[in-house]
Amino acid sequence: MNLLDLLFFFFSSLAAGGGLLMVVSKHPVPAALFMILSLVGVASLFVLLEAFFLAILQILVYAGAVMVLFLFIIMLLDVGPDGGKASKIRILSGFAGAVAVGLIIVLLLHFSQQSGFGLSSNAWPEINADSFVNGSNLTFSTSVKNFGYGLFTKYMLPLQVAGFLLLAAMVGVIILSKKFRIKKP
Amino acid sequence: MLNLELLQVLGLKIFFAFLMVSVVMTFAGYSVLAERKVSAWMQGRVGPNRTVLPFVGHIPFVGSFLKGIGIFQPLADGLKFLFKEEIVPGHVNKVYYYMAPLVALVPALTTMTVLPFGEFFHHSGKSTPLILADLEIGILFILAISSLGVYGIVLAGWSSNSKYPFLGGIRSSAQMISYELAMGLSLLPIFLWVSQPGSSIASLSLVEIANSQNASAWLALVQPLSALIFLVALFAETNRLPFDMPESETDLVGGFHTEYGSFKFGIFFVAEYAHIVIGSAIFTLIFLGGWHFLPWINDPWPSNWVGTLLGTGWFLIKTISLIFFFIWIRWTLPRFRYDQVMNLGWTKLLPLSLANLIFYVILVTWLDLSAATP
(Lines give C-alpha, C1' and ligand atoms only; values in the text may rest on other atoms or scores of the structure.)
Protein backbone atom coordinates (compact mmCIF):
# COMPACT_ATOMS: atom_id res chain seq x y z
CA MET A 1 0.00 0.00 0.00
CA ASN A 2 1.51 3.28 -1.02
CA LEU A 3 0.57 6.89 -0.39
CA LEU A 4 -1.80 7.03 -3.34
CA ASP A 5 -3.81 4.03 -2.08
CA LEU A 6 -3.97 5.55 1.37
CA LEU A 7 -5.27 8.82 -0.04
CA PHE A 8 -7.74 6.97 -2.23
CA PHE A 9 -9.21 5.10 0.74
CA PHE A 10 -9.32 8.28 2.81
CA PHE A 11 -11.13 10.36 0.18
CA SER A 12 -13.47 7.59 -0.92
CA SER A 13 -14.50 7.00 2.70
CA LEU A 14 -15.02 10.77 2.95
CA ALA A 15 -17.30 10.68 -0.10
CA ALA A 16 -19.22 7.54 0.94
CA GLY A 17 -19.41 8.45 4.63
CA GLY A 18 -20.57 11.96 3.84
CA GLY A 19 -23.28 10.53 1.59
CA LEU A 20 -24.43 8.11 4.28
CA LEU A 21 -24.52 10.78 6.99
CA MET A 22 -26.44 13.05 4.62
CA VAL A 23 -29.15 10.42 4.25
CA VAL A 24 -29.46 9.60 7.94
CA SER A 25 -29.20 13.09 9.46
CA LYS A 26 -32.56 14.40 10.65
CA HIS A 27 -32.04 18.12 10.23
CA PRO A 28 -31.72 19.44 6.65
CA VAL A 29 -28.83 21.85 7.37
CA PRO A 30 -26.37 19.18 8.57
CA ALA A 31 -27.61 17.01 5.70
CA ALA A 32 -26.63 19.74 3.24
CA LEU A 33 -23.24 20.12 4.95
CA PHE A 34 -22.58 16.37 4.73
CA MET A 35 -23.47 16.52 1.05
CA ILE A 36 -20.81 19.23 0.62
CA LEU A 37 -18.33 16.93 2.38
CA SER A 38 -19.26 14.12 0.03
CA LEU A 39 -18.86 16.37 -3.03
CA VAL A 40 -15.44 17.52 -1.83
CA GLY A 41 -14.47 13.86 -1.37
CA VAL A 42 -15.48 13.09 -4.96
CA ALA A 43 -13.54 16.12 -6.18
CA SER A 44 -10.47 14.85 -4.32
CA LEU A 45 -10.86 11.50 -6.07
CA PHE A 46 -10.79 13.38 -9.39
CA VAL A 47 -7.57 15.03 -8.23
CA LEU A 48 -6.07 11.60 -7.56
CA LEU A 49 -6.94 10.72 -11.17
CA GLU A 50 -5.07 13.90 -12.18
CA ALA A 51 -8.29 15.33 -13.62
CA PHE A 52 -7.80 18.69 -11.94
CA PHE A 53 -10.23 20.49 -14.20
CA LEU A 54 -13.08 18.12 -13.40
CA ALA A 55 -12.27 18.34 -9.69
CA ILE A 56 -12.37 22.11 -9.71
CA LEU A 57 -15.59 22.15 -11.72
CA GLN A 58 -17.10 19.78 -9.18
CA ILE A 59 -16.26 22.16 -6.35
CA LEU A 60 -17.06 25.35 -8.28
CA VAL A 61 -20.46 24.24 -9.55
CA TYR A 62 -21.77 21.85 -6.91
CA ALA A 63 -20.08 22.69 -3.62
CA GLY A 64 -19.66 26.39 -4.40
CA ALA A 65 -22.91 27.34 -6.12
CA VAL A 66 -25.60 24.67 -6.00
CA MET A 67 -25.17 23.85 -2.32
CA VAL A 68 -25.09 27.53 -1.33
CA LEU A 69 -28.45 27.82 -3.05
CA PHE A 70 -29.70 24.72 -1.20
CA LEU A 71 -28.64 26.15 2.14
CA PHE A 72 -30.17 29.50 1.27
CA ILE A 73 -33.51 27.87 0.50
CA ILE A 74 -33.39 25.62 3.59
CA MET A 75 -32.63 28.58 5.83
CA LEU A 76 -35.12 30.88 4.14
CA LEU A 77 -37.97 28.41 4.57
CA ASP A 78 -36.62 27.52 8.02
CA VAL A 79 -37.19 23.80 7.59
CA GLY A 80 -37.02 21.99 10.93
CA PRO A 81 -36.00 18.40 11.76
CA ASP A 82 -39.33 16.98 10.59
CA GLY A 83 -40.28 19.59 8.06
CA GLY A 84 -40.37 17.46 4.93
CA LYS A 85 -43.31 15.30 4.08
CA ALA A 86 -41.05 12.49 2.85
CA SER A 87 -40.01 11.50 6.39
CA LYS A 88 -43.61 10.58 7.17
CA ILE A 89 -43.93 8.03 4.39
CA ARG A 90 -42.35 5.09 6.21
CA ILE A 91 -43.18 2.39 3.68
CA LEU A 92 -41.74 4.30 0.74
CA SER A 93 -38.48 5.15 2.51
CA GLY A 94 -38.19 1.55 3.72
CA PHE A 95 -38.64 0.35 0.15
CA ALA A 96 -36.04 2.80 -1.16
CA GLY A 97 -33.59 1.68 1.53
CA ALA A 98 -34.17 -1.98 0.68
CA VAL A 99 -33.53 -1.32 -3.03
CA ALA A 100 -30.31 0.56 -2.20
CA VAL A 101 -29.03 -2.25 0.05
CA GLY A 102 -29.94 -4.81 -2.62
CA LEU A 103 -28.02 -2.90 -5.27
CA ILE A 104 -24.97 -2.66 -3.01
CA ILE A 105 -25.12 -6.44 -2.35
CA VAL A 106 -25.36 -7.15 -6.08
CA LEU A 107 -22.36 -4.87 -6.68
CA LEU A 108 -20.32 -6.53 -3.92
CA LEU A 109 -21.21 -10.01 -5.20
CA HIS A 110 -20.25 -9.00 -8.71
CA PHE A 111 -16.85 -7.72 -7.59
CA SER A 112 -16.12 -10.69 -5.37
CA GLN A 113 -17.13 -13.14 -8.12
CA GLN A 114 -15.26 -11.36 -10.87
CA SER A 115 -11.95 -10.38 -9.41
CA GLY A 116 -12.07 -9.92 -5.67
CA PHE A 117 -11.37 -6.58 -4.16
CA GLY A 118 -7.89 -6.43 -5.59
CA LEU A 119 -9.49 -5.37 -8.86
CA SER A 120 -6.95 -7.12 -11.06
CA SER A 121 -6.37 -5.68 -14.48
CA ASN A 122 -8.71 -8.12 -16.27
CA ALA A 123 -11.77 -6.86 -14.40
CA TRP A 124 -12.08 -4.06 -16.88
CA PRO A 125 -10.21 -3.53 -20.09
CA GLU A 126 -7.55 -0.93 -19.59
CA ILE A 127 -8.59 2.49 -20.75
CA ASN A 128 -5.92 4.29 -22.67
CA ALA A 129 -5.68 7.11 -25.11
CA ASP A 130 -6.72 5.00 -28.10
CA SER A 131 -9.84 3.55 -26.57
CA PHE A 132 -10.99 6.90 -25.27
CA VAL A 133 -10.93 8.80 -28.51
CA ASN A 134 -11.07 6.00 -31.01
CA GLY A 135 -11.03 7.25 -34.54
CA SER A 136 -10.41 10.90 -33.85
CA ASN A 137 -7.31 13.01 -33.82
CA LEU A 138 -7.94 14.44 -30.37
CA THR A 139 -5.10 13.54 -28.06
CA PHE A 140 -6.01 12.22 -24.65
CA SER A 141 -5.27 14.82 -22.04
CA THR A 142 -6.84 16.42 -19.01
CA SER A 143 -5.80 19.94 -19.97
CA VAL A 144 -8.42 22.64 -20.22
CA LYS A 145 -7.57 23.36 -23.84
CA ASN A 146 -8.47 19.84 -24.89
CA PHE A 147 -11.74 20.00 -22.99
CA GLY A 148 -12.69 23.19 -24.80
CA TYR A 149 -11.47 21.94 -28.16
CA GLY A 150 -13.40 18.69 -27.82
CA LEU A 151 -16.56 20.41 -26.63
CA PHE A 152 -16.66 22.88 -29.48
CA THR A 153 -15.74 20.50 -32.29
CA LYS A 154 -16.55 16.82 -31.86
CA TYR A 155 -19.17 17.20 -29.14
CA MET A 156 -20.74 20.41 -30.41
CA LEU A 157 -24.21 18.89 -30.93
CA PRO A 158 -24.49 17.30 -27.44
CA LEU A 159 -23.30 20.58 -25.94
CA GLN A 160 -25.96 22.55 -27.78
CA VAL A 161 -28.65 20.02 -26.89
CA ALA A 162 -27.67 20.09 -23.21
CA GLY A 163 -27.70 23.89 -23.24
CA PHE A 164 -31.13 23.89 -24.86
CA LEU A 165 -32.46 21.44 -22.26
CA LEU A 166 -31.20 23.65 -19.44
CA LEU A 167 -32.81 26.67 -21.06
CA ALA A 168 -36.11 24.78 -21.34
CA ALA A 169 -35.88 23.83 -17.65
CA MET A 170 -35.25 27.44 -16.72
CA VAL A 171 -38.19 28.72 -18.74
CA GLY A 172 -40.34 26.00 -17.17
CA VAL A 173 -39.36 27.07 -13.66
CA ILE A 174 -40.14 30.70 -14.43
CA ILE A 175 -43.56 29.80 -15.80
CA LEU A 176 -44.38 27.49 -12.88
CA SER A 177 -43.23 29.87 -10.16
CA LYS A 178 -44.62 33.08 -11.58
CA LYS A 179 -48.33 33.55 -11.10
CA PHE A 180 -49.73 34.98 -14.28
CA ARG A 181 -52.79 37.08 -13.65
CA ILE A 182 -55.61 36.66 -16.12
CA LYS A 183 -57.15 40.01 -16.87
CA LYS A 184 -60.85 40.00 -16.39
CA PRO A 185 -62.80 41.74 -19.09
CA MET B 1 6.68 2.94 0.52
CA LEU B 2 7.70 6.51 1.11
CA ASN B 3 11.19 7.01 -0.14
CA LEU B 4 13.67 9.58 1.07
CA GLU B 5 13.46 11.82 -1.98
CA LEU B 6 9.70 12.08 -1.71
CA LEU B 7 10.00 12.94 1.99
CA GLN B 8 12.53 15.64 1.16
CA VAL B 9 10.26 17.21 -1.44
CA LEU B 10 7.30 16.90 0.89
CA GLY B 11 9.22 18.50 3.76
CA LEU B 12 10.37 21.38 1.57
CA LYS B 13 6.84 21.94 0.29
CA ILE B 14 5.44 21.95 3.82
CA PHE B 15 8.13 24.41 4.87
CA PHE B 16 7.30 26.74 1.96
CA ALA B 17 3.58 26.43 2.66
CA PHE B 18 4.19 27.32 6.31
CA LEU B 19 6.27 30.32 5.23
CA MET B 20 3.58 31.50 2.83
CA VAL B 21 0.84 31.14 5.44
CA SER B 22 2.82 33.14 7.96
CA VAL B 23 3.54 35.90 5.44
CA VAL B 24 -0.10 36.19 4.39
CA MET B 25 -1.26 36.09 8.02
CA THR B 26 1.20 38.85 8.88
CA PHE B 27 -0.15 40.88 6.00
CA ALA B 28 -3.69 40.24 7.23
CA GLY B 29 -2.75 41.32 10.75
CA TYR B 30 -1.07 44.48 9.56
CA SER B 31 -3.92 45.36 7.22
CA VAL B 32 -6.07 45.50 10.36
CA LEU B 33 -3.59 48.06 11.69
CA ALA B 34 -3.66 49.84 8.32
CA GLU B 35 -7.44 49.95 8.50
CA ARG B 36 -7.34 51.59 11.91
CA LYS B 37 -4.59 54.03 10.97
CA VAL B 38 -6.11 55.02 7.62
CA SER B 39 -9.57 55.46 9.11
CA ALA B 40 -8.05 57.61 11.85
CA TRP B 41 -6.22 59.68 9.26
CA MET B 42 -9.41 60.15 7.21
CA GLN B 43 -11.37 61.22 10.27
CA GLY B 44 -8.70 63.55 11.62
CA ARG B 45 -7.77 61.29 14.53
CA VAL B 46 -4.43 59.76 15.50
CA GLY B 47 -5.21 56.04 15.66
CA PRO B 48 -3.38 53.41 17.73
CA ASN B 49 -0.15 54.97 19.05
CA ARG B 50 0.30 53.67 22.59
CA THR B 51 1.16 49.98 22.35
CA VAL B 52 4.81 49.22 22.90
CA LEU B 53 7.01 46.24 23.76
CA PRO B 54 9.11 46.47 26.93
CA PHE B 55 12.59 47.97 26.35
CA VAL B 56 11.95 48.60 22.63
CA GLY B 57 10.05 51.78 23.47
CA HIS B 58 13.06 53.19 25.31
CA ILE B 59 15.33 53.13 22.29
CA PRO B 60 15.78 56.82 21.42
CA PHE B 61 13.94 58.07 18.32
CA VAL B 62 13.32 54.62 16.73
CA GLY B 63 11.30 53.37 19.69
CA SER B 64 8.99 56.35 19.84
CA PHE B 65 8.59 56.28 16.04
CA LEU B 66 7.56 52.60 16.08
CA LYS B 67 5.19 53.35 18.95
CA GLY B 68 3.68 56.25 17.01
CA ILE B 69 2.87 54.21 13.92
CA GLY B 70 1.39 51.48 16.14
CA ILE B 71 3.63 48.69 14.84
CA PHE B 72 3.00 46.55 17.94
CA GLN B 73 -0.76 46.97 17.92
CA PRO B 74 -1.60 43.74 15.95
CA LEU B 75 0.41 41.74 18.51
CA ALA B 76 -1.54 43.27 21.36
CA ASP B 77 -4.84 42.70 19.53
CA GLY B 78 -4.02 39.04 18.95
CA LEU B 79 -3.07 38.52 22.59
CA LYS B 80 -6.23 40.26 23.69
CA PHE B 81 -8.33 37.88 21.59
CA LEU B 82 -6.51 34.90 23.08
CA PHE B 83 -6.81 35.92 26.74
CA LYS B 84 -10.38 37.14 26.72
CA GLU B 85 -12.94 35.13 28.63
CA GLU B 86 -14.55 32.68 26.26
CA ILE B 87 -18.31 33.00 26.43
CA VAL B 88 -20.48 30.45 24.62
CA PRO B 89 -24.19 31.30 24.68
CA GLY B 90 -26.42 28.48 25.91
CA HIS B 91 -28.71 28.44 22.89
CA VAL B 92 -26.13 27.68 20.21
CA ASN B 93 -25.60 24.46 18.29
CA LYS B 94 -22.19 23.63 19.79
CA VAL B 95 -20.49 21.51 17.10
CA TYR B 96 -21.32 23.80 14.21
CA TYR B 97 -20.75 26.88 16.34
CA TYR B 98 -17.13 25.87 16.91
CA MET B 99 -16.69 24.66 13.34
CA ALA B 100 -17.83 27.88 11.63
CA PRO B 101 -14.75 30.09 12.21
CA LEU B 102 -12.46 27.34 10.93
CA VAL B 103 -14.62 26.80 7.85
CA ALA B 104 -14.31 30.54 7.21
CA LEU B 105 -10.53 30.61 7.61
CA VAL B 106 -9.41 27.47 5.76
CA PRO B 107 -10.60 28.43 2.24
CA ALA B 108 -9.10 31.90 2.66
CA LEU B 109 -5.72 30.31 3.35
CA THR B 110 -6.04 27.51 0.77
CA THR B 111 -6.33 29.90 -2.18
CA MET B 112 -2.76 31.08 -1.65
CA THR B 113 -1.38 27.77 -2.96
CA VAL B 114 -1.88 28.91 -6.56
CA LEU B 115 -0.92 32.53 -5.98
CA PRO B 116 2.32 33.49 -7.76
CA PHE B 117 4.18 36.47 -6.33
CA GLY B 118 7.34 36.83 -8.37
CA GLU B 119 9.81 35.02 -10.58
CA PHE B 120 13.13 33.36 -9.93
CA PHE B 121 15.89 33.74 -12.50
CA HIS B 122 18.19 30.80 -13.19
CA HIS B 123 21.79 31.22 -14.34
CA SER B 124 20.75 30.40 -17.87
CA GLY B 125 18.45 33.43 -17.88
CA LYS B 126 15.31 31.33 -17.82
CA SER B 127 12.82 32.16 -15.11
CA THR B 128 10.44 30.09 -13.04
CA PRO B 129 7.54 31.64 -11.14
CA LEU B 130 7.58 31.77 -7.35
CA ILE B 131 4.45 29.82 -6.49
CA LEU B 132 3.52 26.88 -4.29
CA ALA B 133 1.69 24.90 -6.98
CA ASP B 134 1.59 26.10 -10.58
CA LEU B 135 -1.78 24.67 -11.57
CA GLU B 136 -2.91 25.12 -15.14
CA ILE B 137 -6.34 26.11 -13.85
CA GLY B 138 -5.15 28.54 -11.18
CA ILE B 139 -7.91 31.11 -11.48
CA LEU B 140 -10.65 28.46 -11.45
CA PHE B 141 -9.08 27.00 -8.31
CA ILE B 142 -9.18 30.38 -6.60
CA LEU B 143 -12.79 31.04 -7.65
CA ALA B 144 -13.88 27.58 -6.49
CA ILE B 145 -12.13 27.51 -3.13
CA SER B 146 -12.89 31.10 -2.17
CA SER B 147 -16.57 30.45 -2.84
CA LEU B 148 -16.43 27.79 -0.10
CA GLY B 149 -15.64 30.54 2.42
CA VAL B 150 -19.29 31.55 2.54
CA TYR B 151 -20.12 28.33 4.39
CA GLY B 152 -18.33 29.65 7.46
CA ILE B 153 -20.63 32.65 7.55
CA VAL B 154 -23.78 30.65 6.78
CA LEU B 155 -22.86 28.07 9.39
CA ALA B 156 -22.15 30.75 11.99
CA GLY B 157 -25.49 32.37 11.26
CA TRP B 158 -27.39 29.11 11.50
CA SER B 159 -25.66 27.56 14.52
CA SER B 160 -25.94 30.74 16.60
CA ASN B 161 -29.64 29.98 16.78
CA SER B 162 -30.78 33.58 17.11
CA LYS B 163 -32.36 36.07 14.75
CA TYR B 164 -29.68 38.57 13.77
CA PRO B 165 -26.95 36.05 12.90
CA PHE B 166 -29.54 34.03 10.99
CA LEU B 167 -30.44 37.04 8.84
CA GLY B 168 -26.74 37.71 8.30
CA GLY B 169 -26.19 34.15 7.11
CA ILE B 170 -29.12 34.27 4.67
CA ARG B 171 -27.98 37.60 3.25
CA SER B 172 -24.46 36.29 2.85
CA SER B 173 -25.49 33.24 0.83
CA ALA B 174 -27.77 35.31 -1.43
CA GLN B 175 -25.05 37.89 -1.99
CA MET B 176 -22.44 35.25 -2.74
CA ILE B 177 -24.57 33.58 -5.42
CA SER B 178 -25.44 36.92 -7.03
CA TYR B 179 -21.92 38.25 -7.34
CA GLU B 180 -20.08 35.05 -8.15
CA LEU B 181 -21.73 34.98 -11.57
CA ALA B 182 -20.69 38.52 -12.44
CA MET B 183 -17.17 37.79 -11.19
CA GLY B 184 -16.75 34.70 -13.35
CA LEU B 185 -18.24 36.41 -16.40
CA SER B 186 -15.95 39.41 -16.00
CA LEU B 187 -12.91 37.12 -16.11
CA LEU B 188 -13.99 35.26 -19.26
CA PRO B 189 -13.25 38.14 -21.70
CA ILE B 190 -9.82 38.53 -20.09
CA PHE B 191 -8.85 34.94 -20.80
CA LEU B 192 -10.47 35.14 -24.24
CA TRP B 193 -8.34 38.17 -25.03
CA VAL B 194 -5.10 36.74 -23.69
CA SER B 195 -5.47 33.40 -25.46
CA GLN B 196 -6.87 34.75 -28.71
CA PRO B 197 -5.79 33.00 -31.93
CA GLY B 198 -2.09 33.47 -32.55
CA SER B 199 -1.03 33.82 -28.94
CA SER B 200 1.01 31.14 -27.25
CA ILE B 201 -1.12 31.06 -24.09
CA ALA B 202 -3.84 28.45 -23.78
CA SER B 203 -4.47 27.99 -20.10
CA LEU B 204 -6.13 29.56 -17.10
CA SER B 205 -2.86 29.95 -15.22
CA LEU B 206 -2.25 33.11 -13.22
CA VAL B 207 1.47 32.95 -14.04
CA GLU B 208 0.83 33.07 -17.77
CA ILE B 209 -1.64 35.91 -17.48
CA ALA B 210 0.83 37.96 -15.43
CA ASN B 211 3.63 37.24 -17.89
CA SER B 212 1.44 38.22 -20.85
CA GLN B 213 1.42 41.78 -19.47
CA ASN B 214 5.20 42.05 -19.56
CA ALA B 215 6.22 45.07 -21.68
CA SER B 216 2.70 45.45 -23.03
CA ALA B 217 -0.52 47.03 -21.84
CA TRP B 218 -1.92 46.11 -18.46
CA LEU B 219 -5.19 44.27 -18.85
CA ALA B 220 -6.96 46.93 -16.77
CA LEU B 221 -6.15 49.36 -19.61
CA VAL B 222 -7.20 46.90 -22.31
CA GLN B 223 -10.48 45.94 -20.64
CA PRO B 224 -11.44 48.63 -18.12
CA LEU B 225 -15.04 47.41 -17.88
CA SER B 226 -14.01 43.87 -16.96
CA ALA B 227 -11.68 45.28 -14.33
CA LEU B 228 -14.45 47.44 -12.87
CA ILE B 229 -16.96 44.57 -12.72
CA PHE B 230 -14.35 42.27 -11.18
CA LEU B 231 -13.45 44.88 -8.58
CA VAL B 232 -17.07 45.45 -7.57
CA ALA B 233 -17.68 41.71 -7.35
CA LEU B 234 -14.48 41.36 -5.32
CA PHE B 235 -15.79 43.89 -2.81
CA ALA B 236 -19.02 41.91 -2.58
CA GLU B 237 -17.26 38.56 -2.22
CA THR B 238 -14.97 39.79 0.53
CA ASN B 239 -17.95 41.25 2.42
CA ARG B 240 -16.38 44.68 2.50
CA LEU B 241 -18.31 47.87 2.81
CA PRO B 242 -20.40 49.00 0.91
CA PHE B 243 -21.37 45.33 0.57
CA ASP B 244 -21.03 44.10 4.15
CA MET B 245 -24.61 42.84 4.27
CA PRO B 246 -23.86 39.79 6.48
CA GLU B 247 -22.31 42.02 9.11
CA SER B 248 -24.02 45.43 8.83
CA GLU B 249 -23.76 46.38 12.49
CA THR B 250 -26.32 49.16 12.29
CA ASP B 251 -29.27 46.90 11.54
CA LEU B 252 -28.08 43.38 12.49
CA VAL B 253 -26.07 44.17 15.67
CA GLY B 254 -23.00 42.27 14.42
CA GLY B 255 -24.55 40.04 11.79
CA PHE B 256 -23.25 36.50 11.62
CA HIS B 257 -20.72 36.97 14.44
CA THR B 258 -23.10 38.51 16.98
CA GLU B 259 -22.83 35.47 19.25
CA TYR B 260 -19.08 35.07 18.84
CA GLY B 261 -16.45 36.38 21.20
CA SER B 262 -12.76 36.12 22.03
CA PHE B 263 -10.55 34.13 19.65
CA LYS B 264 -13.40 32.68 17.60
CA PHE B 265 -14.36 36.19 16.57
CA GLY B 266 -10.67 36.88 15.96
CA ILE B 267 -10.53 34.03 13.44
CA PHE B 268 -13.50 35.49 11.52
CA PHE B 269 -11.76 38.83 11.57
CA VAL B 270 -8.46 37.47 10.28
CA ALA B 271 -10.27 35.43 7.60
CA GLU B 272 -11.92 38.59 6.29
CA TYR B 273 -8.59 40.37 6.03
CA ALA B 274 -6.88 37.33 4.49
CA HIS B 275 -9.60 37.43 1.81
CA ILE B 276 -8.81 41.09 1.19
CA VAL B 277 -5.07 40.46 0.92
CA ILE B 278 -5.51 37.56 -1.48
CA GLY B 279 -8.20 39.38 -3.48
CA SER B 280 -5.89 42.36 -3.91
CA ALA B 281 -3.08 40.06 -5.02
CA ILE B 282 -5.36 38.40 -7.60
CA PHE B 283 -6.52 41.74 -8.98
CA THR B 284 -2.87 42.83 -9.23
CA LEU B 285 -1.93 39.65 -11.08
CA ILE B 286 -4.78 39.74 -13.58
CA PHE B 287 -5.28 43.43 -14.22
CA LEU B 288 -2.21 45.33 -12.99
CA GLY B 289 0.60 43.29 -14.50
CA GLY B 290 1.64 41.27 -11.47
CA TRP B 291 5.37 41.61 -10.73
CA HIS B 292 6.12 43.35 -14.04
CA PHE B 293 7.00 47.03 -14.24
CA LEU B 294 4.81 49.75 -15.71
CA PRO B 295 2.79 49.08 -18.89
CA TRP B 296 4.72 49.11 -22.19
CA ILE B 297 8.04 49.30 -20.31
CA ASN B 298 10.39 46.35 -19.95
CA ASP B 299 11.33 45.32 -16.45
CA PRO B 300 14.23 47.62 -15.55
CA TRP B 301 15.79 45.18 -13.10
CA PRO B 302 18.50 42.63 -13.97
CA SER B 303 17.76 38.94 -14.52
CA ASN B 304 19.26 37.66 -11.27
CA TRP B 305 18.37 37.56 -7.58
CA VAL B 306 18.21 41.36 -7.43
CA GLY B 307 15.53 41.24 -10.11
CA THR B 308 13.66 38.58 -8.15
CA LEU B 309 13.65 40.75 -5.04
CA LEU B 310 12.71 43.94 -6.89
CA GLY B 311 9.96 42.21 -8.87
CA THR B 312 8.42 40.68 -5.75
CA GLY B 313 8.72 44.04 -3.98
CA TRP B 314 6.99 45.77 -6.87
CA PHE B 315 4.22 43.17 -6.72
CA LEU B 316 3.84 43.79 -2.98
CA ILE B 317 3.70 47.56 -3.54
CA LYS B 318 0.84 47.12 -6.01
CA THR B 319 -0.98 44.74 -3.68
CA ILE B 320 -0.61 47.07 -0.70
CA SER B 321 -1.91 50.01 -2.75
CA LEU B 322 -4.95 47.93 -3.58
CA ILE B 323 -5.46 47.04 0.10
CA PHE B 324 -5.30 50.77 0.78
CA PHE B 325 -7.96 51.25 -1.90
CA PHE B 326 -10.19 48.72 -0.12
CA ILE B 327 -9.82 50.64 3.13
CA TRP B 328 -10.30 53.98 1.41
CA ILE B 329 -13.63 52.83 -0.09
CA ARG B 330 -14.79 51.50 3.27
CA TRP B 331 -14.37 54.84 5.01
CA THR B 332 -15.80 56.83 2.10
CA LEU B 333 -19.00 55.14 0.91
CA PRO B 334 -22.10 54.42 2.99
CA ARG B 335 -23.53 50.90 3.10
CA PHE B 336 -26.08 49.83 0.46
CA ARG B 337 -29.49 48.57 1.44
CA TYR B 338 -30.00 44.84 0.95
CA ASP B 339 -32.42 45.25 -1.96
CA GLN B 340 -30.01 47.70 -3.59
CA VAL B 341 -27.24 45.11 -3.40
CA MET B 342 -29.45 42.48 -5.03
CA ASN B 343 -30.60 44.95 -7.69
CA LEU B 344 -27.06 45.98 -8.53
CA GLY B 345 -25.97 42.36 -8.81
CA TRP B 346 -28.77 40.94 -10.91
CA THR B 347 -30.05 43.85 -13.00
CA LYS B 348 -26.87 45.87 -13.56
CA LEU B 349 -23.65 43.89 -13.14
CA LEU B 350 -24.82 40.59 -14.65
CA PRO B 351 -26.24 42.06 -17.91
CA LEU B 352 -23.25 44.39 -18.15
CA SER B 353 -20.77 41.53 -17.82
CA LEU B 354 -22.72 39.47 -20.37
CA ALA B 355 -22.67 42.38 -22.84
CA ASN B 356 -18.97 42.83 -22.15
CA LEU B 357 -18.33 39.16 -22.88
CA ILE B 358 -20.31 39.20 -26.13
CA PHE B 359 -18.54 42.37 -27.26
CA TYR B 360 -15.12 40.82 -26.76
CA VAL B 361 -16.19 37.55 -28.42
CA ILE B 362 -17.17 39.53 -31.51
CA LEU B 363 -14.02 41.66 -31.33
CA VAL B 364 -11.67 38.69 -31.03
CA THR B 365 -13.46 36.89 -33.89
CA TRP B 366 -13.26 40.01 -36.06
CA LEU B 367 -9.57 40.47 -35.32
CA ASP B 368 -8.95 36.81 -36.17
CA LEU B 369 -10.89 37.05 -39.44
CA SER B 370 -9.24 40.29 -40.49
CA ALA B 371 -5.82 38.77 -39.77
CA ALA B 372 -6.70 35.72 -41.88
CA THR B 373 -7.82 37.78 -44.91
CA PRO B 374 -5.41 40.66 -45.42
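Tutor: Let's take chain B. With 374 residues, a compact globule would have a radius of gyration near 21 Å, and chain B has 22 Å, which agrees. That radius is taken over C-alpha atoms, and the globule rule is 2.2 Å times the number of residues to the power 0.38. Along its principal axes, the C-alpha trace of chain B spans about 75 × 60 × 55 Å.

Some ground rules before we zoom in. This is a predicted model, where local features need pLDDT of at least 70 and side-chain atom pairs count only at pLDDT 80 or more, while totals for chains, interfaces and linings use all residues. Residues are numbered from 1 along each chain as its sequence is written, and chains are lettered from A and ligands numbered from 1 in the order in which they are written.

Chain B has 14 helices and two strands; helices (H or I, at least four residues) and strands (E, at least two) are DSSP runs, numbered from the N terminus. Of its 374 residues, 42% count as buried. Buried means that 20 or more other C-beta atoms lie within 10 Å of a residue's own; exposed means 12 or fewer, and partly exposed is in between, with C-beta atoms placed from the backbone. Now for contacts, meaning pairs whose C-beta atoms, placed from the backbone, lie within 7 Å. Among contacts in chain B between residues at least 6 apart in sequence, 77% join residues at least 24 apart.

(The expected span is 1.5 Å times one less than the number of residues.) The buried residues of α1(B) are B:Val24, B:Phe27, B:Ala28, B:Gly29, B:Ser31, B:Leu33, B:Ala34 and B:Lys37. What covers them includes α3 (73–83), α12 and α13 (305–330) of chain B. After α1(B) comes B:Gly44, with a positive phi near 70 degrees.

B:Val277 touches B:Val24, B:Phe27, B:Ala28 and B:Ser31, plus B:Ile323, leaving out residues up to four places away in sequence. B:Val277 is also among the residues with the most contacts inside the largest nonpolar core, along with B:Ala233 and B:Ala274; this core has 114 residues. Helix α12 (residues 262–287) of chain B supplies the largest share, 15 residues. A nonpolar core here is a set of buried Ala, Val, Leu, Ile, Met, Phe, Trp, Tyr and Cys residues joined through C-beta atoms within 7 Å.

B:Lys126 is 148 residues from B:Ala274 in sequence and 32 Å from it in space, C-alpha to C-alpha. This lysine, B:Lys126, sits in the loop between strands β1 (119–121) and β2 (127–129) of chain B. It counts as exposed because it has 10 other C-beta atoms within 10 Å.

Next stop, helix α7 of chain B, where you'll find B:Ser178. With 19 C-beta neighbours inside 10 Å, B:Ser178 is partly exposed. Setting aside neighbours within four places in sequence, B:Ser178 is in contact with B:Met342, B:Gly345 and B:Trp346. B:Gly307, in contrast, is 129 residues away from B:Ser178 in sequence and 41 Å away in space, C-alpha to C-alpha.

Two asparagines are worth a look too. B:Asn161 is in the loop between α6 (150–159) and α7 (163–194) of chain B, and its phi is positive, near 65 degrees, in a residue other than glycine. B:Asn161 counts as partly exposed, because it has 16 C-beta neighbours inside 10 Å. B:Asn239, in the loop between α10 (224–237) and α11 (249–252) of chain B, also has a positive phi, about 60 degrees, without being a glycine. B:Asn239 is buried, with 26 other C-beta atoms within 10 Å.

Finally, chain B has a neighbour: its contact with chain A takes 21 residues from chain A and 25 residues from chain B. On the chain A side, α3(A) gives the most, with 14 residues.

Key. Contact = placed C-beta atoms within 7 Å.
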